[in-house]
Amino acid sequence: MIPTGSQSSQVPSGSPRSQAHEGPLAAVGPRPGALAGVGPSTGSQSSHVPSGSPRSQAHEGPLAAVGPRPGALAGVGPSTGSQSSHVPSGSPRSQAHEGPLAAVGPSTGSHDISAGMGGDATATRITPGNALRPEDIALAAQQGAAKPSEDVANYALRLGDDALILAQRLAHWISRAPELEEDVALGNISLDQLGHARSFLTYAGSAWGKTEDELAYFRREPEFCSAHLFEQPNGDFAATIARQFIVANYQFPLYRALVNSSDPMLAAIAAKAVKEVDYHRDHSTQWVLRLAGGTEESRRRMIAGLKLMWPFAGELFEDDALTARLGDAGVVPSSLKAEFDRATAEVLDEAELDVSGYPMATGGGRQGRHSEHLGFVLAEMQVLAREFPGASW
């Protein structure tokens, strides 16, 4: 389960690259103390964000795998109190997270869907001190302040499915990671992805009169449109890091571009998500370098992880009829490929890793054609909701 109270940071302090080979993993070489930059473990972890702070509000509340409840997706483990964040409250990187998206009337078509509020209200900062929440998105849609078109809803569904399935996968590392800090780090990344999923699914569902829970728990496997990469089994720690390295370097330019969407709600969700994914990208980079530059065994595992996950990267950048119709509301997947190639090549070159010879797997996830792995993820995630429809607590 996710530790209560405050939690440790994922990203080592100091020069990102200079710290890459530090850490106590046995396969990489021990050193005294805990994960580089977070100090020795004393039984309680340092906090990313104080409990109850504005930045922490988005993840507060129960998230236990005991079936659906209004406004929250279950399935990622219990929580008591608030979950930690990667960004200190009030820091420059945290600004886009503050402020709930209030339902204040019809959208004017600009990025500021709080037109008429006055003050410093924007799409991501309406009431200072509170975070954009899926509940606010649902309320805005219900009151007519924001309602997606059919194409925008299907696009949001894709992004939400990606994040939801990845959150489920990462949650399995809680209590199983190779060190305590990674238990917390991967749990926090899972919670971030769950938060993105809730926002995207809430917005998508508003077009069809469905809640986030209905979309998460009561669709069948062919109705999910997540890419194949997200449903791949965790494998060992290096394989999970390889998958996370690909995902973070895809999601970061995606959300950064989506901030400029002509759909104000997509822009608002992306403005919040991009700050979190920036830390996911740094975290995975640290581990790729650390594992590749550690012992022979850690390097062998990192190479094997990339060989397993890299073939599924190609599907992320495939254009289709939906992305073509979206225009300025969405992001053309192929337009992200150059930035992905540049960012990943920089890290892989430093790590002396070569992925150029890996073949690309066939896709189909966007059209509901999945590997055998997704069915097992959904069976576990949906079982209680289907066994006890309408259950709440």
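## An exposed glutamate and the model

Glu-352 is exposed, at a relative accessible area of 62%, where exposed means over 50%, buried under 20% and partly exposed in between, using a 1.4 Å probe and protein chains only. The loop between H10 and helix H11 (372-387) holds Glu-352. Its phi is near 55°, a positive value in a residue other than glycine.

The model is predicted, so local features need pLDDT of at least 70 and side-chain atom pairs count only at pLDDT 80 or more, while totals for chains, interfaces and linings use all residues. Residues are numbered from 1 along each chain as its sequence is written, and side-chain values use heavy atoms, with hydrogens and water left out.

## Overall make-up

The protein chain has 11 helices and zero strands; helices (H or I, at least four residues) and strands (E, at least two) are DSSP runs numbered from the N terminus. Along the sequence the pattern reads α-α-α-α-α-α-α-α-α-α-α.

Of the 393 residues in the protein chain, 57% count as buried. Contact means heavy atoms within 4.5 Å. Among contacts between residues at least 6 apart in sequence, 81% join residues at least 24 apart.

Ser-175 sits in the loop between helix H2 (150-171) and helix H3 (180-205). Its relative accessible area is 54%, which makes Ser-175 exposed.

## Helix H8

Helix H8 (residues 296-309) has 14 residues. From first C-alpha to last, H8 reaches 20 Å, close to the 20 Å expected at 1.5 Å a residue; the expected span is 1.5 Å times one less than the number of residues.

The buried residues of H8 are Ser-298, Met-302, Gly-305, Leu-306 and Met-309. They lie on the same side of H8 because they cover an arc of only 95° around the axis, the arc being that of the directions from the helix axis to the C-beta atoms. These buried residues pack against helix H5 (228-231), helix H6 (237-258), helix H7 (264-292) and helix H10 (337-351). On the face of H8 turned away from its buried side are the exposed residues Glu-296 and Lys-307.

## Thr-344 in helix H10

Helix H10 contains Thr-344, which is buried at a relative accessible area of 2%. Leaving aside neighbours within four places in sequence, Thr-344 is in contact with Phe-245, Asn-249 and Trp-310.

## Helices H3 and H7

The axes of H3 and H7 come within 11 Å and cross at roughly 160°. That makes H3 roughly antiparallel to H7. Axes are lines fitted to C-alpha atoms, for helices over the stretch in contact, and angles run from 0 to 180 degrees between N-to-C directions. Angles under 35 degrees count as roughly parallel, over 145 as roughly antiparallel, 65 to 115 as roughly perpendicular and the rest as oblique. The crossing is left-handed, meaning that the near helix is turned anticlockwise from the far one by less than a right angle; clockwise would be right-handed. Residues of H3 that meet H7 include Glu-182, Leu-186, Asp-192 and Tyr-203, and those on the H7 side include Met-265, Glu-276, His-283 and Trp-287.

Leu-186 of H3 counts as buried at 1% relative accessibility. Not counting residues up to four places away in sequence, Leu-186 touches Leu-170, Trp-173, Phe-237 and His-283.
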